Amino acid sequence: MAEGFAQFVAARERALQRTAYLLTGDWALAEDLVQAALARAWPRWERITRRDDPEIYVRKVLVNTWTTWTRRRWRGERPSAAVPDSPAAGDVAEEVTARVGLRGVLESLTPRQRAVLVLRVYDDLPEAQVAHMLNCAVGTVKATMSQALAKLREDPQLAGLIEQEAR
Amino acid sequence: MSAVEQQLRDLLIAEAGDPPHRVTAEAVRRRAVRRWVAQAGAVGLAVVLAVGLGAAVTAGVLRTGTSPGGSTGQHIGPPRYYVSQTFDSRARKLVMSVRNRASGRVTAVIRAPLPGESCGQGNVGVAAADDQTFFMTCAVTKWGPGKFGPLSTPLSVKTYIYRFQVTSSGLVSGYSLVRGGVLKGMFADNIAATPDGSELAVEVTGKADTIYTNTLPGGILVINTRTGSRALWKAGPNVPGTLQYAGATDLSFTRDGRELVALEARCHRRGHRVYCNGHAEMQVRGYSPADRGGSLEGGRVLLDDSALKPPGTHLSDAFITPDGSAAAAVLLGCPPHGPCTLTVARIPIGTGGGQRVLYQVQSGSRNAGIFFRFFSADPSRRYLILDAGTSNARVNGWIDHGKLVPLSPADGNAPSYEAW
């Protein structure tokens, strides 16, 4: 069991961290979240591998744990001190603008909308699997996805991008 | 997937990039163990699990990693909570609280267990051991009339050392008085703990009527928290013309608790008084075996200013890595022409190897100056906290691959010390 778990972590931790980052918007929190999800899965690992796809199980725990975290009131606070680190080399303005725009929009989504968007679009999971992970009906996933995309269109920068692509 | 979704996916992929750290199976297991221990609240269970993990590590089942701090311990991620000390100017006292590392939010306030106690006073008044166990010093001082008013002279002091736990949800539980932790007539200025919390080192000053003068400090007490036994490392008799122990800036232990390491100021003396007058020589010295006690004029010199690069750089703070192979140190240097530099570095002990820079801050110009407040680390010495700054910006956070991740709480209070 120890070996199987270690292999899974070694193989999938980066992908899990990326998903967690898109959910939390913070690498430190993402690392915490992945550790928390894996720590929950580890004691049941043998059972999970016998009965379920471990990746789906861990992702389900990850999303549920994050949903629990978002219910806490302190989510609105952020550390604020300015750090005199060296500036990055080159002109990164365009990339930063796009990223900041995307981050802002992601933050404006509800936790469930964000989870559906990340799981459906980024992780490219089928609707049925997302529904299983979020404990809801496939119809709910479709509706939530549509609401999330509608919100994205409200953002002028992303709307432009999406419209341009749609044409 | 539609074209819109594909475009969105590309944006998300660009945004996610590559994680800065690896999550290891070992880190996850340790976290799971901590969670179980916290839930069960049973010491016996903790021992069983720790033994199980230890056996697994010995058997080579678990992967090991090397930390920048020089520890051979596992990467377990930075602690989720830390203890922060701030000065409440309205109440005119230090307030100790537990804060969430990511959000800065206060999750618990640490109260003085006894009425009239002041906790966390001194240079370092709180120290962390593994599993979010902390030790803090609290003093009860009786004041009498003096030159500056009716209650301006300390008549007597008694220091109590307490242990408490920060739970997995950031709350404080299990205050208990440490065995051997009642220090009559002594004021504690620095405290450090072994990773397992079995030993404490406390720098103490002596007589109550001289604790705020530059009188020679009493020494460093090593307390066995299981038996309550104590050993004293004390300053030796005055030897005119030599530099002698004048006080410790920071204390630390090697992982096994065998060696006590102190960053000391060494100055000339006159009788029982210390006269540093800005000419203190800073040295990192090791005293072994820590629990035996002895003279602070002995020990072995692990590091001093002469070993630092570039020449003219001075030690501001330092502690030993758990395996004793290196020191994590804060170095300050102001060359005659050019900006001042504060460097956090890992310096190998006794191998002649070069120092490795972990983080660096520079003042804009020599006149702009640079200041250093405090430096601390988690028990693995993997995650370092630094508080320093230039005239333009204050730096407060933990060092992560050459960058400083801010810890400053959202309310903007400047901490006087932080430990995790």
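Helix H6 of chain A (residues 111-122) comprises twelve residues and reaches 15 Å from its first C-alpha to its last, close to the 16 Å expected at 1.5 Å a residue; the expected span is 1.5 Å times one less than the number of residues. Helices (H or I, at least four residues) and strands (E, at least two) are DSSP runs, numbered from the N terminus. The model is a predicted one, in which local features need pLDDT of at least 70 and side-chain atom pairs count only at pLDDT 80 or more, whereas totals for chains, interfaces and linings use all residues. Residues are numbered from 1 along each chain as its sequence is written, and chains are lettered from A and ligands numbered from 1 in the order in which they are written.

Ten of the twelve residues of H6(A) are buried, so this helix is largely enclosed by the rest of the structure. A residue is termed buried if 20 or more other C-beta atoms lie within 10 Å of its own, exposed if 12 or fewer, and partly exposed in between, with C-beta atoms placed from the backbone. The buried residues of H6(A) include Arg114(A), Leu117(A), Arg120(A) and Tyr122(A). Just after H6(A), a positive phi of about 55° is found at Asp124(A).

Helix H4 of chain A (residues 54-70) has 17 residues and reaches 24 Å from its first C-alpha to its last, close to the expected 24 Å. Among its buried residues are Tyr57(A), Arg59(A), Lys60(A) and Trp66(A). Chain A as a whole contains nine helices and zero strands, and 35% of its 167 residues count as buried. Of the contacts in chain A between residues at least 6 apart in sequence, 60% join residues at least 24 apart; a contact requires C-beta atoms, placed from the backbone, to lie within 7 Å.

In chain B, an open sheet of four strands has the order S3-S2-S1-S27, with antiparallel pairing. Strands S3 (106-110) and S27 stand at the edges with a single partner strand each, so one side of each is left without a neighbour in the sheet. The twist averages 25° from one strand to the next, with axes fitted as lines to C-alpha atoms (for helices over the stretch in contact) and angles running from 0 to 180 degrees between N-to-C directions.

Two strands are taken to pair if DSSP finds at least two bridges between them. Strand S1(B) (residues 81-88) is joined to S2(B) (residues 93-100) by eight bridges, and Gln85(B) stands opposite Met96(B). Four bridges join S1(B) to S27(B) (residues 415-419). Across this pairing, Val83(B) faces Ala419(B), while Thr86(B) stands opposite Pro415(B).

Notes
Two residues are in contact if their C-beta atoms, placed from the backbone, lie within 7 Å.
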